[in-house]
Amino acid sequence: MSDVQQMMEKRKVCVVVPTYNNGKTIAAVVRRIAAFTEHIIIVIDGCTDDTREQLKQLSDLSFETVDYTENRGKGHALLAGFQRAKEEGFDYAITIDSDGQHYPEDIPLLVEALESHPGALIVGARNLQEQNMPGGNTFANRFSNFWFTIQTGIRLPDTQTGFRLYPLKRLSGTRFVTSRYEAELELLVFAAWAGVELVSVPVRVFYPSQEERVTHFRPVADFARISVLNTVLCFLAVVYGWPRRFWHLLVRCHFLPPPVYRWMTQKNGQPREVPITPGRIARSLFSLSFFLVMMYCFLLPYTWLYFHLRKPTEERKMKYHHLLQRISRFVIHHVPGVQFRLDNSVGEDFEQPAVLISNHQSHLDLMCLMMLTPRIIFLTNDWVWNNPFYGMVIHQAEYYPVSDGIEQHVERLRSLYERGYSIAVFPEGTRSEDCSILRFHKGAFYLAEQLGADILPVFLHGVGHVLPKRDFMLREGTIDVVVGKRIPLDDPHYSQDLLTRTKEVRHLYQAYYKSMCERLETPAYWAPYQKYYQFANREEHSL
């Protein structure tokens, strides 16, 4: 075994080869890669040529394939390859194009750079003055390099090369990566913002003559998409990337001024439950900025125009609720640093209205429920109803204030119910500080009795860990939403007495929430919180 192979084995490095209709070159590229490693993952991105037949002729070599029939783009192919690599236990992945422009013989250069810079993202920089280098590619690369420097403060000679070594465990922002050509730029930007060291290594490149070249780069469409992407990334850089990168640079020095450190780790002289970290600050600033821009630049103007330019018919009101559902679904799936999971194994379609109840942990609870169905109405308090940020949205969505009690508004709620809307109620009445199930009030069950409606339970877990009641900054974590089985009004398992039924359903929530905690709160679940404490301890020792 050569020294390079030994280093790749020690560092757990594999090679990922995304390919789309490069049947003429794929076999030769794979055979040259195999001289350095047998850990090769080929992602067949919906090829329609003879790529698969060419690979079958390499029966003497060891490699894996990820194969799907529809072309989904290079970004999707890369993420599919990374996912397979992580499943196989690899810590790093070298990516190399299958068209023959890269020299697999330069793999040792990337591996040697990794030995000197463990945990870094190694970028194979091509010579942009190389003979036969397409003029459009040169311009696009320089254009991309310029904006990359603006977005990250880092200069790289080649931001569009496909010859790289990625640290799989430190890949950041993969949920936001687009599926096409520009994904490689996004991966670099997100890595820079996450504090990953970027190391550039000169590599060779070969471009065949124009007649022999196979390229899937579409100059007009791809350049336009990259321009739009750079606009978005520049906005994100201001509200998220630059602050996060600044904090990473500061923290890397292992020093924070004592007043700053005390603010980040203590509150009123006592240790914070979870210290404030640079990542939490960056994620919270980004989320706040996104909320303000979305609300004031889009949703509020759209709502005013939508309901004032034309008569608000029932059909238009339902379309507005569909819009709120789509926004909620997008937001809850893209909370920075948070993984969202929905379990609707009972097959609930929400077509039949009900009184929907849920445990209450966080301001994010509403998004978790709004994304389930457009046919939902929330009961609010006066503060929400009169909120200057989104009060108009609440009014037009027909959410209803019931600060003086549900009993006073049954007929109004009956009208909404008969129009097909489920009425969402948090029977605890307030958010739980420690995520436990608080005492249930009888209002939701009284309403179900008056409407002759089913009770539809939804169980939330993790929302109070991601954004607790007494905290104003987001934490990393996982949110789980489980849709439960309906409880008919005449269900024999529950008492017909209102107070007794209220207690029985609370006991159901307590038992099910306990089982969720036992199943979900694994060491991996608490890993982000351990990272917060490590940050605090490290800074304390450096002061």
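Mentor: The model is predicted, so local features need pLDDT of at least 70, side-chain atom pairs count only at pLDDT 80 or more, and totals for chains, interfaces and linings use all residues. Residues are numbered from 1 along each chain as its sequence is written, and side-chain values use heavy atoms, with hydrogens and water left out.

Trainee: Why is Asn21 called buried?

Mentor: Buried means under 20% relative accessible area, computed with a 1.4 Å probe on protein chains only. Asn21 has 19% relative accessibility, so Asn21 counts as buried.

Trainee: Where does Asn21 lie?

Mentor: Asn21 is in the loop between β1 (13-19) and α2 (26-33). Helices here are DSSP runs of H or I with at least four residues, and strands are runs of E with at least two, numbered from the N terminus. Asn21 is not a glycine, yet has a positive phi of about 55°.

Trainee: What makes Cys435 buried?

Mentor: Cys435 has 5% relative accessibility and therefore counts as buried. Cys435 sits in the loop between β14 (422-425) and α16 (443-451), and has a positive phi of about 70° although not a glycine.

Trainee: Which residue classes line the second largest cavity?

Mentor: Six nonpolar, one polar and two charged residues. Ala, Val, Leu, Ile, Met, Phe, Trp, Tyr, Cys and Pro count as nonpolar, Asp, Glu, Lys and Arg as charged, and the others, Gly among them, as polar. The lining includes Ala453, Gln496 and Arg501. Lining residues have an atom within 4 Å of a cavity point, a cavity being a set of points on a 1 Å grid over the protein atoms alone where a 1.4 Å probe fits but cannot get out.

Key:
1 Å grid on protein atoms, 1.4 Å probe; cavity = no way out; pocket = protein on both sides within 12 Å on 5 of 7 lines; lining within 4 Å. Buried < 20%, exposed > 50% of the residue type's maximum accessible area, 1.4 Å probe, protein only.
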